[in-house]
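Subject: Structure for your review

Dear colleague,

I am passing on the structure below, and my notes on what was found in it follow. Please read them with the structure open beside you.

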Amino acid sequence: MNQFDVSRIFLKQRMAPTGIRIDNYSENDNGFFSLNGPYMVVFETFLTETDTVQISMISPGFNFPYQCELVWFTEMRPLHKHNFVEFMFVVRGHIKQRIEGNIYDYSEGQCCVIMPGINHSETVDGDAELVFLMISDELLYTIIQTDHRYSSDGRESSSENILYQAFRKHLEKTESTNQYYDFFPLVPNDIVLPIIKKHLTQITLETGDLHPGFYSFVIGSIQRLIAQMLNNQLYSYRQVSKDSQYEENLFLKITAILEETHGRITRQEISNKLLYSDHHINKIIQDNTGMSLIKYSRIFTLKEAARRLTQTEDSISAIIYDLGFTNRTHFYNLFKEQYGVSPSQYKGANSEAYRPLLRS
């Protein structure tokens with residue numbers, strides 16, 4: 001009996017009563033994952049130096065560390081779908097996600113929300129850390145129903161958002177939810193990752209302690225995590241149907257080019273690289289983000305400006321010049337529009353002026 005057979009039997013026996021049940025899990029067949037409890041947090045650390053994957057699975061009453069060979073884990077992990085919503089966060093390195101037969105790259109800071117019914121699997125070819133948050137239908141319903149918001153004058157306000165809408169459609173079975181959501185950070189990773197990690201850590205600690213009231217605390221932490229993912233100063237997002245694979249692939253290629261060039265590339269140059277008309281390039285961006293290519297490119301330029309403000313000793317004038325802005329006032333206005341504060345406030349304290357915008 002090889003390691004795959006041993007691990008498969010072990011996972012079925014150990015995980016079915018408490019957290020996840022895995023059916024049809026083989027080297028060739030697509031697997032189906034069922035979540036028995038209300039939720040589970042899974043940490044995966046890929047270490048190429050030791051050729052190992054360290055896994056920790058945590059749910060109420062269940063805390064299980066596990067280690068296996070990296071080669072086995074990446075080669076034998078087939079496409080699978082599940083009966084729960086899955087959040088995936090890349091907290092270090094980068095991964096390749098196979099979704100319905102296509103392969104997409106996810107870099108540090110990105111996250112993905114996969115609805116039930118989507119075949120997918122993660123593969124890694126270097127050191128990386130991933131965190132998964134898996135949520136049952138029952139808990140999804142509670143999260144939506146109990147997320148009450150109030151304005152500063154005491155009036156109740158709507159908590160409706162694109163993810164809650166998708167969750168509700170899934171729960172009500174009113175239409176197909178064969179889709180997933182990609183989230184791209186708009187700020188440097190040293191800002192966005194501590195915010196995401198804070199909520200995931202709180203969920204994990206509360207789940208491990210099981211103190212009275214822990215379940216309500218976990219629900220609140222998930223609600224806050226979702227709110228931060230939908231904070232337009234932290235992330236941009238897009239909804240992708242599993243039937244729109246061609247557009248998805250092209251959009252990701254364009255995004256990768258903009259990330260690599262910090263948005264300092266023309267539409268014609270992108271067109272020449274990808275061998276599509278500049279009009280079609282602009283249409284793909286418009287359809288996926290609701291923005292023009294110019295505005296979408298600017299996100300990456302300002303993200304690079306924000307990184308240099310906090311991680312280098314470069315002056316604001318040097319950053320403005322290097323990134324191609326010819327008007328200082330225009331740069332300041334654009335930066336404040338995206339980050340809520342001026343470049344000097346951001347640089348001075350990445351800090352106290354900016355942090356209140358990110359607290360939850």
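**Two helix pairs**

In this predicted model, L139, T142, I143 and T146 of helix α3 meet Y215, I219, I222 and Q223 of helix α6, where a contact means heavy atoms within 4.5 Å. By class, this contact of α3 with α6 has five nonpolar, three polar and no charged residues; Ala, Val, Leu, Ile, Met, Phe, Trp, Tyr, Cys and Pro count as nonpolar, Asp, Glu, Lys and Arg as charged, and the others, Gly among them, as polar. Two packed helices are described by the angle between their axes and the distance between the axes. For α3 (residues 137-146) and α6 (residues 214-229), the axes come within 10 Å and cross at roughly 75°, the axes being lines fitted to C-alpha atoms, for helices over the stretch in contact, with angles that run from 0 to 180 degrees between N-to-C directions. The two helices are therefore roughly perpendicular to each other (angles under 35 degrees count as roughly parallel, over 145 as roughly antiparallel, 65 to 115 as roughly perpendicular and the rest as oblique).

The axes of α8 (residues 267-274) and α9 (residues 278-289) come within 8 Å and cross at roughly 100°, so α8 and α9 are also roughly perpendicular to each other. Here R267, Q268, I270, S271 and L274 of α8 meet D278, I281 and N282 of α9, and the residues of this contact divide into three nonpolar, three polar and two charged.

**Basis and overall make-up**

Residues are numbered from 1 along each chain as its sequence is written, and side-chain values use heavy atoms, with hydrogens and water left out. Because the model is predicted, local features need pLDDT of at least 70 and side-chain atom pairs count only at pLDDT 80 or more, whereas totals for chains, interfaces and linings use all residues.

The secondary structure of the chain comes to 14 helices and 16 strands, with helices (H or I, at least four residues) and strands (E, at least two) taken as DSSP runs and numbered from the N terminus. Of the 360 residues in the chain, buried residues make up 50% (buried means under 20% relative accessible area, exposed over 50%, and partly exposed in between, with a 1.4 Å probe and protein chains only). Among the contacts with a separation of 6 or more, residues 24 or more positions apart account for 64%.

F43, in strand β3 (residues 39-47), counts as partly exposed at 25% relative accessibility. Leaving aside neighbours within four places in sequence, F43 is in contact with Q54, I55, S56, I58, L130, V131 and T204, and its C-alpha atom is separated by 9.1 Å from that of L133, 90 residues apart along the chain.

S56, in strand β4 (residues 52-59), touches V41, V42, F43, N63, F64 and P65, again not counting residues up to four places away in sequence. The C-alpha atoms of S56 and V131, which are 75 residues apart along the chain, are separated by 9.6 Å. In the loop between β3 and β4 lies D51, a residue other than glycine whose phi is positive, near 55°; D51 is partly exposed, with a relative accessible area of 29%.

S297 lies in helix α10 (residues 293-311) and counts as buried at 5% relative accessibility. Not counting residues up to four places away in sequence, S297 touches L258, H262 and G263. H262 is placed in the loop between α7 and α8, counts as partly exposed at 29% relative accessibility, and has a positive phi of about 55° although it is not a glycine.

**The largest pocket**

About 610 Å³ of space lies in the largest pocket. A pocket is here an open set of points on a 1 Å grid over the protein atoms alone, where a 1.4 Å probe fits, with protein on both sides within 12 Å along at least five of seven lines, and lining residues have an atom within 4 Å of a point; grid points are joined across faces, edges and corners, and the volume is the space filled by probe spheres set on the points. The lining has 26 residues, of which S107, Q110, T255, A256 and E259 lie nearest the centre, and it divides into 11 nonpolar, eight polar and seven charged. β9 (102-107), β15 (179-185), α7 (245-261) and α10 each supply at least two residues of this lining, and α10 gives the most, with seven.

With best regards
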